[in-house]
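Please look over the sequence and structure below before reading on.

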Amino acid sequence: MKFQQIPLCALPLGGAGIVRELAVSGATRRRMLDLGLVQGTRVEAVLRSPAGDPKAYRVRGALIALRSEEAGQILVEYPK
Amino acid sequence: MGLTKQSTGSGVLKELLSAPPGREGEPVIALAGNPNTGKSTVFNSLTGMNQHTGNWPGKTVAVAQGRYRYGGRSYRLVDLPGTYSLLSMSAEEEVARDFICFGRPDVTVVVTDATCLERNLNLVLQVLEITPRVVVCVNLMEEAARKKIRVDLAKLSRELGVPAVGTSARSGQGLDELKAAIARVAAGEKTAPRRVAYPREVEAAVAAVKPLLENLSGAAVNRRWLALRLVEGDEALLASLARMTAGELPPGNRGGDGMRDAIAAAIVAEAEKIFRRVVTLEQDRGPDLGRKIDEALTSKTWGIPLMLCLLGLVFWLTVQGANYPSELLAGAFARAESWLAGQAFWALLPEWVFGLVVLGVFRTLAWVVSVMLPPMAIFFPLFTLLEDLGYLPRVAFNLDHYFKKACAHGKQALTMCMGFGCNAAGVTACRIIDSPRERMLAIITNNFVPCNGRFPILITLAAIFFGGAGGAPGNGLAALTVLAMVLVGVAVTLAMSKLLAKTILRGLPSSFILEMPPFRKPQVGRILVRSVLDRTLFVLGRAVMVAAPAGAVIWLLANIPAGGRSLLAYGAGLLEPAGRAMGLDGCILMAFLLGLPANEIVIPIAVMSYLGMGVLEEPQSLAALRDVLTANGWTWLTALNVMLLTLMHFPCGTTLLTIRKETRSWKWTLVAFLVPTAAGAAACLLSAAAARLLGLV
């Protein structure tokens, strides 16, 4: 299977990817690490809000809502 | 959330640290944990102290304390703010971290969520790095069992090297075992806390820094943990440490993102390893019902309509249900009054004493109680039910996009929802927003949603002027009107946030990361008790405290003559032209001004000035009230504009003081006063002009 790196916000609903890179720094990066969003973590896109953004993702058993601004900074590996 | 004991930040820590350690030899137990783990429920169950618990992240911003007895000994329990980590920089995390570090609790209990143990172990491992005297409480065990998640507690305890106890705090299960484990650790039982294995470069840096810390005087803080913080360059902690020890710190290896990531990733990896060993997910878990519900509640087609329906239903139940008990109470008060009036001792007192006490204070009180108590006793439990179910974070999720467009924070949807209960509570809740700019936006615009003191005005006027038919269909129309007003309030909140964000509070939206906790089965009994005690009685108590003296003042105003008229009539006369332009009248404006202490008394004051009798009339029914109002020239436009002004005018006295306290600035308090007032005046002027132009009135 071939893989590609895409921003987390581009993950289709129901699809799951593996975190490869966090392209943020400072407090937001810290917050993401605290929630277990480290390299190698499996993330599944679960819900989309009525307006399409934010989306909610399943991360290590918890459901976390992220705006596309934040989710766009997280690169995940996703089967092509 | 109560309005008591609200303080956070370093002030709290100072208070906690300097607080007398209670009775001789009383162990201090710190309660830490992620938000939404039921930590507050554990706290309440152990201490029996009542405290409001909610279902959204960062709800417990206050530090509560309580005591419990076990085995003939008293223990002091400190409920720390819910945090995901001890490494970050929010005020809550700083309080939790500093207390565990420097407060030297005898035992630190880390409350975890059995249904989400992996993420929770992150915090457990961090606490274990600071102190070995830890008990892990795995809460929500029943919930996990329902979801077919099995946690091997014995194995978890072995893996972590500290006692691990399973509880279901809501039903009280496992609390005795928890108390026993705390007692053992407090008595000095040896533990062997698990140490996170860090990558070689981190360990090397720690080894280099650690010897430099040996001579650090004062703080009995774990050296290895301190060395780790130095290695990653935790500025906030270094500042705290300098304050606490007044000691000299060696310069750290300011590692930046690289070191920091390596440390965070190592802890997450360790948590994952433990999680895989102790938790088994049964294969056939069946359909994920929670996810199905979530998909419906947030769907593109149904998300917003379902939200409106739920809100509308809550209003309808409130309008429909409040009528009868309201009239019952009004009748009871009328009987009480005639009994009171019949007492012989009035004859011994001057006539004005009777007027002041019975016609002023008693009637105002009676009005406030009979008009406010029934809707509150229905509205608050319903609202708490939605909160307990975990619905409010879904509302924030659904509405975030619109708040983002208004350059505001998504969590403002949560603080806005709190405002429906009480704006002062909503303003306090704005602490969950970290960015100062967005927090200020949320504080200033919180007043645009009607609180429970203002709902009765909306509900009463909607029932009289827009629910003409009466009965269930009429009440349905009235509920729709109230819902429409609430939507206007939300729309103005968004528009005003945007306007402020483009003018005096310029800036870009900060990051939005919100945990959506799983739906929880609400405990109906507890909701009733809690919402009646914590909210209904609190708000009612406040209203009564304000209404009693206000009743006296109003009676005096209505009875002290000024130039042939009463002061009240004189003031109303002055305001008459402004009132007319706004589609209202002087009496109404006067009532809003005098209603500053509590909006609940606005309508009674207006009625009192109409009747010109200098006493508060108690219309026995809505029909009587309608007659009084229409006889004084009220039309649907007057009712509409009073409702608009109710929605948009200066916050009540309590809320203003809370805003002052939260912003520490009279300037911003003034802004919070002027913004809704200007919006309300503009709305009334516009609607009056439009109605006259179109010849509708």
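In this predicted model, both E662(B) and R431(B) are buried, where buried means under 20% relative accessible area, exposed means over 50% and partly exposed lies in between (1.4 Å probe, protein chains only). Local features need pLDDT of at least 70 and side-chain atom pairs count only at pLDDT 80 or more, while totals for chains, interfaces and linings use all residues; side-chain values use heavy atoms, with hydrogens and water left out. Residues are numbered from 1 along each chain as its sequence is written, and chains are lettered from A and ligands numbered from 1 in the order in which they are written.

**Salt bridges around E662(B)**

- E662(B) and R431(B) form a salt bridge with their closest N and O atoms 2.9 Å apart, a salt bridge being a side-chain nitrogen of Lys or Arg within 4 Å of a carboxyl oxygen of Asp or Glu.
- The two residues are 231 residues apart, E662(B) lying in helix α27 (residues 653-663) of chain B and R431(B) in the loop between α17 (423-429) and α18 (436-445) of chain B; helices (H or I, at least four residues) and strands (E, at least two) are DSSP runs, numbered from the N terminus.
- E662(B) also meets R439(B) in a salt bridge (3.1 Å, N to O), and this pair, too, links distant parts of the chain, with R439(B) in helix α18 of chain B.
- R439(B) is partly exposed because its relative accessible area is 21%, whereas E662(B) counts as buried because its relative accessibility is 9%.

**Salt bridges between the chains**

- Over all chains the count comes to 29 salt bridges, and between chain B and chain A the count is eight.
- K404(B) and D53(A) meet through their side chains in a salt bridge (2.4 Å, N to O); K404(B) lies in helix α15 of chain B and D53(A) in the loop between β3 (42-48) and β4 (55-59) of chain A, so the pair joins two chains.
- Both K404(B) and D53(A) are buried.
- R60(A), E118(B), E272(B) and R276(B) are linked in a network of salt bridges.

**The interface as a whole**

- Chain B gives 48 residues to the contact and chain A gives 36 residues, contact meaning heavy atoms within 4.5 Å.
- The two chains, B and A, bury about 3400 Å² between them, 55% of it on carbon and sulfur atoms, where buried area is the accessible area (1.4 Å probe) that two parts lose on being put together, summed over both.
- Of the area that chain B buries against chain A, R291(B), F397(B) and I513(B) supply 19%, more than any other three residues.
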